[in-house]
Amino acid sequence: MPNLGHGHGNYPLRWRAVFGIVNLRQRTRSVKIKRIKRIIVNPKYSNLTMDNDITLLQLKSPVTYSDYIQPICLQHNFTDINLDKQCFVSGWGSRSHGGQESQILQEAQLKILPFTVCNKTGWYNGMLTSNMICAGYETGGIDTCQGDSGGPFSCFIRKQKKFYLMGITSFGFGCGHPRFPGIYLRAANYKDWIENILHGNDNNFKHITFYVHILTAVCWVVILEFLF
């Protein structure tokens, strides 16, 4: 299960993966809580530049899919050429900079912005890398905020008629500011790293490899949820 590199630490006993929840104050029958067995932070993660901001979480037991818990496909490649995708973010983060975090899951539609625009002077001024996606609006307004980090940035691909995980909410300057849209980890760049762990010689991950292949059949999937 992928998540952000920052903010976890290597203490799996302190974390839980919560699936199928919408309202944080209501634990319905659809909600499933799983313990974390292992945390693997990308070895190239930089706390200074926020590059390679991704972590894999191994659950202690498998997750059963339901009407409230579903996987999402991981895109094999990504290009900024096609910017007309319908893309969405979700999370329980603040609705404004410094505000209180939401108790009910929020969703917003964002526009993928050209990388060259986001990285130019007056915007992010060259600090973005090829492992990042820039999404939002030039005039600001709609954006992810504090507490949304680690959430999914998913896009609907018309040709395949399904949603794909394009990114993971990483960072930004404030929330909703003009010329400073949210920055998301480019998930497709880490497909090989994830698969190397799943298919490697690490005995701790052998049951995960089997689990992923049985449930996906056609497309490689990851489970989208948040840690609490």
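K161 is found in the loop between strand 9 (152-157) and strand 10 (162-171), where strands are DSSP runs of E of at least two residues and helices runs of H or I of at least four, numbered from the N terminus. This is a predicted model, in which local features need pLDDT of at least 70, side-chain atom pairs count only at pLDDT 80 or more, and totals for chains, interfaces and linings use all residues. Residues are numbered from 1 along each chain as its sequence is written, and side-chain values use heavy atoms, without hydrogens and water.

Student: Is M50 buried or exposed?

Tutor: Buried means under 20% relative accessible area, exposed over 50%, and partly exposed in between, with a 1.4 Å probe and protein chains only. M50 has 16% relative accessibility, so it counts as buried. K161, at 69%, therefore counts as exposed.

Student: How many residues of helix 2 (residues 191-198) are buried?

Tutor: Six of the eight are buried, so helix 2 is largely enclosed by the rest of the structure. Among them are W193, I194 and L198.

Student: Which residues does UniProt list for "transmembrane region"?

Tutor: UniProt annotations may be inferred rather than shown by experiment; positions follow the numbering used here, and feature names are shortened. The unreviewed entry lists residues 163-180 and 208-227. In the model, residues 163-180 are 0% helix and 50% strand, with end C-alpha atoms 26 Å apart.
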